[in-house]
Amino acid sequence: MGSSNDPVVHQNKVFSNVDYTEKTLTNREFVHCEFINCLFTKSDLRNNEFESCHFKQCNFSMAQIAGAGFRDAVFTECKIMGVDFTQCNKFLFSFTFHDCQLDYCIFLGTKLKKTLFRKCSLKEVEFSDADLSASVFDQCDMANTRFSNTQLEKADFRTAYNFSIDPEINKLKKARFTANNLAGLLDKYHLDIND
């Protein structure tokens, strides 16, 4: 018999149209679960674990996720605005994002190697001091996203747009760009570049 401190474990479950807005989830573990069209706006998800979970059309705006673990979490068509990922469990921290709104999120100092961001809005996201080695930014809008002392070796920016990255204060060895978007590396010089 488990103690009252043991987490409640949910495995292979589908949660659909659940409204967790401003609610607190405590001591839960979700393994191979699917969340469809759920609202987590301003929810308190601290210290819960989500392993190999898929979130579809969910809203996580302003959710509190300090101590929460996300391992192999996939987010599809989710709204995840203003979320501070720096407080997440560092040992359960791997994501894939498809068609998500991640504007104003904070990934300061996080390790996001080989993370896929596909067709995402990444406006005003904080990536300073983060490790984004070999990550892919496929068709992402990166307007006003901050990169400072960011590890971007082998990162793929070939279809990304509106980014501004200073090569002098970021590590860009073998990062991938196209001739069309190289201007994003020269913004600080205020050049007039014509196609």
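Is Cys 140 buried or exposed, and what is its relative accessible area?

Mentor: Happy to walk you through it! This is a predicted model, in which local features need pLDDT of at least 70 and side-chain atom pairs count only at pLDDT 80 or more, while totals for chains, interfaces and linings use all residues. Residues are numbered from 1 along each chain as its sequence is written, and side-chain values use heavy atoms, with hydrogens and water left out.

Cys 140 is buried, with a relative accessible area of 0%. Here buried means under 20%, exposed means over 50%, and partly exposed lies in between, using a 1.4 Å probe and protein chains only.

What about bonding? A disulfide is counted when two cysteine sulfur atoms lie within 2.5 Å, and the whole structure has zero of them. For Cys 140, the nearest cysteine sulfur belongs to Cys 120, 4.8 Å away, and Cys 140 is in no disulfide.

Gln 139 has a positive phi of about 55° without being a glycine. Most residues other than glycine have a negative phi. Gln 139 is partly exposed, at 38%. Asn 12 also has a positive phi, about 50°, and is not a glycine either. Asn 12 belongs to the loop between strand S1 (8-11) and strand S2 (14-16) and is exposed, at 58%.

Leu 152 is another residue in the segment after S10, and at 0% relative accessibility it is buried. Beyond four places in sequence, Leu 152 is in contact (heavy atoms within 4.5 Å) with several residues, including Leu 132, Ile 165 and Phe 157.

Phe 157 leads us to the largest nonpolar core, which has 54 residues; Phe 157 is among those with the most contacts inside it, along with Phe 35, Phe 55, Phe 75 and Ile 80. Strand S7 (69-76) and strand S8 (93-98) are the elements that give two or more residues to this core. Domain 1 (8-82) and domain 2 (102-194) both contribute residues, so the core lies between them. A nonpolar core is a set of buried Ala, Val, Leu, Ile, Met, Phe, Trp, Tyr and Cys residues joined through side-chain atoms within 4.5 Å, and domain bounds come from an automatic or database assignment. The centres of the two domains, taken over C-alpha atoms, are 27 Å apart.

Ile 80 links back to our cysteines: leaving aside neighbours within four places in sequence, its contacts include Cys 100, Cys 105, Phe 75 and Phe 97.

Finally, follow the strands. S7 and S8 run parallel and are joined by five bridges; strands pair if DSSP finds at least two bridges between them. In this pairing Val 74 stands opposite Thr 96 of S8. S8 also pairs in the parallel sense with strand S9 (residues 116-118), over three bridges, and there the partner of Thr 96 is Leu 116.

Terms used:
Helices (H or I, at least four residues) and strands (E, at least two) are DSSP runs, numbered from the N terminus.
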